[in-house]
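Please keep the structure in view while working through the points below.

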Amino acid sequence: MLKGKVAIVTGGTRGIGYAIVKKYLENGASVVLFGSREETVEKALTSLNSENPNWKVDGAWPNLSDANAVAEAIQKVKDKYGRIDILANNAGISQSTKIEDYDPADFDKIMNLNVKALFHTIQPTVKYMREQGGGCIINTSSMVSISGQPSGVGYPTSKSAVNGLTWSLARELGPSNIRVNAVAPGITRTDMVAALPEKMIQPLIANIPLRKVGEPEDIANAFLFLASDMASYVTGEILSVDGAMRT
């Protein structure tokens, strides 16, 4: 589905991001995964290369809060591969601190990585996508961007901003044949969820109409669809992948 495409995936070393990287590779793309640290990037690359030595995958670890570092890393991808067809913005952090206990610095950290980093990756990438005649940008949102959450206001606030960015850029970049969409995962079996005790998992499942927790591959499938030509007329969408759990 992605044969000949070149993709960048941020937050690609584990969980949902790693599943996206693998899904893109399985479907013929060349992928550059961005991670937060050299050691986690190298670990992910070793795992992927051991699974299939023929996959074309590289890694980088720019500080996503540093616009110049991000632009330089993206320039290197363009220089090596000649184009950038897909940008999957998956890096992000969450928090559940109550408002009265919230450290303003923690709020800034969430906004910087979940929102500002998207601006840093998208701005230089758009230049190359315009030059080559189009491309696809997919952002990771969350079901809490729609419904909110009981505590940790920074996370749903940041993901609501991701939605606004997605809708606006879809309108701005559409004339350049650049599609912009987002995927809003529900409760997904990442390392954080897997570490929860069973007594906490079961009440969560009871509130999901499909009666099961999502898998990283479920989210990766949505990223694959939106990156493929099957979604050539889909832009400005926030695709919920949450088993219909809206609150």
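This is a predicted model: local features need pLDDT of at least 70, side-chain atom pairs count only at pLDDT 80 or more; totals for chains, interfaces and linings use all residues.

A residue counts as exposed when its relative accessible area is over 50%, as buried when that area is under 20%, and as partly exposed in between. By this cut-off Asp229 is exposed, because its relative accessible area is 57%.

**Strands and crossovers**

- Strand β1, which covers residues 6-10, is largely enclosed by the rest of the structure, because 5 of its 5 residues are buried.
- From β1, the residues Val6, Ile8 and Thr10 point one way while Ala7 and Val9 point the other way, and all of them are buried.
- β1 pairs with β2 in the parallel sense over 5 bridges, and within this pairing Val9 has Leu33 of β2 as its bridge partner.
- β1 is also joined to strand β4 (residues 86-89) by 3 bridges, again with the strands running parallel, and here Ala7 has Ile86 of β4 as its bridge partner.
- Strand β2 (residues 30-34) is in turn joined by 4 bridges to strand β3 (residues 57-60), and these two run parallel; Leu33 stands opposite Gly59 in β3.
- Two right-handed β-α-β units can be traced along this part of the chain, one made by β1, helix α1 (residues 15-26) and β2, and another made by β2, helix α2 (residues 38-51) and β3.

- Leu2 is found in the segment before β1 and is buried, with a relative accessible area of 0%.
- When neighbours within four places in sequence are left aside, Leu2 is in contact with Tyr24, Asn27, Gly28, Ala29, Ile86, Leu224, Ala227 and Ser228; one of these, Ile86, is also the bridge partner of Ala7 in β4.
- The C-alpha atoms of Leu2 and Thr235 are separated by 18 Å, although the two residues are 233 residues apart along the chain.
- Met1, Phe225, Met230 and Leu239 make a nonpolar surface patch of about 380 Å².

- Side chains of opposite charge can pair when their charged atoms come close.
- Asp229 and Lys5 meet through their side chains in a salt bridge, with an N to O distance of 3.9 Å. This pair links distant parts of the chain, since Asp229 is in the loop between α9 and β7 (238-241) and Lys5 in the segment before β1, 224 residues apart.
- Whereas Asp229 is exposed, Lys5 counts as partly exposed at 24% relative accessibility.
- Lys76 and Glu72 form a salt bridge through their side chains at 3.8 Å, N to O, and the two are separated by about one helical turn because they are 4 residues apart in helix α3 (residues 67-81).
- Lys76 counts as exposed at 54% relative accessibility, while Glu72, with a relative accessible area of 47%, is partly exposed.
- Arg189 forms a salt bridge with Glu215, in which the closest N and O atoms are 3.0 Å apart. Because Arg189 lies in the loop between β6 (178-185) and α7 (191-194) and Glu215 in the loop between α8 (198-206) and α9, the pair ties together parts that are 26 residues apart in sequence.
- Arg189 is partly exposed at 38% relative accessibility, and Glu215 is likewise partly exposed, with a relative accessible area of 33%.

**Positive phi angles in loops**

- Asn177, a residue other than glycine, has a positive phi near 65°; Asn177 lies in the loop between α6 (154-173) and β6 and, at 48% relative accessibility, counts as partly exposed.
- Arg211 is not a glycine either, yet has a positive phi of about 60°; the place of Arg211 is in the loop between α8 and α9, and at 52% relative accessibility Arg211 counts as exposed.

How values were computed: Residues are numbered from 1 along each chain as its sequence is written. Side-chain values use heavy atoms; hydrogens and water are left out. Patches are made of residues with over 30% relative accessible area and no salt bridge: like charges are joined within 9 Å, nonpolar side chains (Val, Leu, Ile, Met, Phe, Trp, Tyr) within 5 Å. Accessible areas come from the Shrake-Rupley method with a 1.4 Å probe; for residues, only the protein chains shown count as cover. A salt bridge is a side-chain nitrogen of Lys or Arg within 4 Å of a carboxyl oxygen of Asp or Glu. Buried means under 20% relative accessible area, exposed over 50%, partly exposed in between (1.4 Å probe, protein chains only). Contact means heavy atoms within 4.5 Å. Two strands pair if DSSP finds at least two bridges between them. A crossover is right-handed if, with the strands pointing away from the viewer, the path from the first strand over the helix to the second runs clockwise.
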